[in-house]
Structure formats: C-alpha cells, structure tokens
Amino acid sequence: MEISIRPLQEADLDTVVDLWLKSSIKAHSFIEASFWEGQVNAMREVYIPSADTWVADYEGMLVGFVSLNEEMLAALFVHPFFQGNGIGKQLLQFAMEQSDSLVLSVYKENKRAMDFYRKQGFEAIQEQVDKHTGMPEVIMVWENE
C-alpha cells in the first residue's frame, strides 16, 4: 500500500489522537482501555506537540503517524483497519532516515511490536517497568551502520 508521508498539521490533531487511542487499545489489550482513555488530553496537549510528527496519508485518509523526540521514537501507530499493509514499515523507514540512531520502549507483552522492531534492525538492550502502567517494557535501539 503506497502512502505519502507529510508533517502533522494542526487540522490533523483530532484524527491523530483518535487513531492513537484506537491503536493503543488494540495493541495493548493487557492494559485497561480506561488507562488509554485517560491519556487522551496528555497526548493532545503535551506529547504530540512536544515531538516532531509526520502522518501517513492514503488517498486522503490519515492512516498512521510517527513521532520523534530527538533520537527517541516516541510513537508509531497505524489505524487498526490498515495494519498489516506495510504502513508501519514505511513510517519507521522514514523515521530511520531522520536520524543515525533511534531508541524506543515497547511493552514486553506486545510481542507483535517487538518482532516488528527486531525485523527492522532494533535490538533489545534493557528491561524496565513503565512508571505509568506498572507493566514491563523493553528498551530497543537501532543504529545506522
């Protein structure tokens, strides 16, 4: 599926936050949906504005986004309906072109995401507990060779 990637515009914010919420609930079924619902305002007012964010556009629809905060891959989400079509890979490749190295954290129980990042060249370097959810997460890094 061919997408175009462009910088986030203010008019995209509600769609991005909604996409983030739907994707987070689906990808993190091991965490109560109410936790994610409680994070909506922080995503809209703090996290997205503090990062460099690009959106994936498919035929006029916003189908995913990626956010970078310097070398931190802060977010990579694809609308659940469009998952499995290579959009996440295209967004990640775009993010990798922006930096010589990236670091991210992913919940240990999110095996699908961990496998995805490993296939793209990320390596697990550390485990820790997420202070917001109490769930174990893995820190992964990628370096351009």
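1. Contact here means heavy atoms within 4.5 Å. The model is predicted. By that contact criterion, what covers the buried residues of helix 5 includes strand 4, helix 4, strand 5 and strand 7.

2. The buried residues of helix 5 are Ala113, Met114 and Tyr117. Viewed down the axis of helix 5, its buried residues fall within an arc of 100°, so they line one face of the helix. Lys111, Arg112 and Lys119 are exposed on the other side of helix 5. After the helix comes Gly121, with a positive phi near 100°.

3. Tyr117 also belongs to the largest nonpolar core, which has 27 residues. Along with Tyr117, the residues with the most contacts inside this core are Val66, Leu73, Ile87 and Phe122. At least two core residues come from each of strand 2 (52-58), strand 3 (61-69), strand 4 (72-78), helix 4 (87-97), strand 5 (101-107), helix 5 (111-119) and strand 7 (136-143). Helix 4 gives the largest share, six residues.

4. Leaving aside residues up to four places away in sequence, Tyr117 touches Leu73, Leu76, Leu92, Leu104, Phe122 and Met140. Another core, of 18 residues, lies apart from the largest one; among its members are Leu13, Ile48, Phe65 and Tyr107. In soluble globular proteins, nonpolar side chains tend to be buried together.

5. The count of salt bridges is five. One of them joins the side chains of Arg6 and Asp12, at 2.7 Å from N to O. Asp12 has a relative accessible area of 8%; the cut-off for buried is under 20%, so Asp12 counts as buried. Arg6, at 22% relative accessibility, is partly exposed.

6. Asp14 and Arg44 also meet through their side chains in a salt bridge, 2.5 Å from N to O. This pair links distant parts of the chain, 30 residues apart: Asp14 is in helix 1 (residues 13-27) and Arg44 in helix 3 (residues 40-47). Asp14 counts as exposed at 54% relative accessibility, whereas Arg44 is partly exposed, with a relative accessible area of 26%.

7. A salt bridge of 3.0 Å, N to O, is formed by the side chains of Lys108 and Glu127. Lys108 sits in the loop between strand 5 and helix 5, and Glu127 in strand 6 (residues 123-129), so the pair ties together parts that are 19 residues apart in sequence. Lys108 is partly exposed, at 32% relative accessibility.

Terms used
Residues numbered from 1 in each chain as written. Predicted model: local features only at pLDDT ≥ 70, side-chain atom pairs only at ≥ 80, totals over all residues. Heavy atoms only, no water. Core = buried A, V, L, I, M, F, W, Y, C linked by side-chain atoms within 4.5 Å. Buried < 20%, exposed > 50% of the residue type's maximum accessible area, 1.4 Å probe, protein only. Helix = DSSP H or I, 4+ residues; strand = E, 2+ residues; numbered from the N terminus. Arc of directions from axis to C-beta. Salt bridge = Lys/Arg side-chain N within 4 Å of Asp/Glu carboxyl O.
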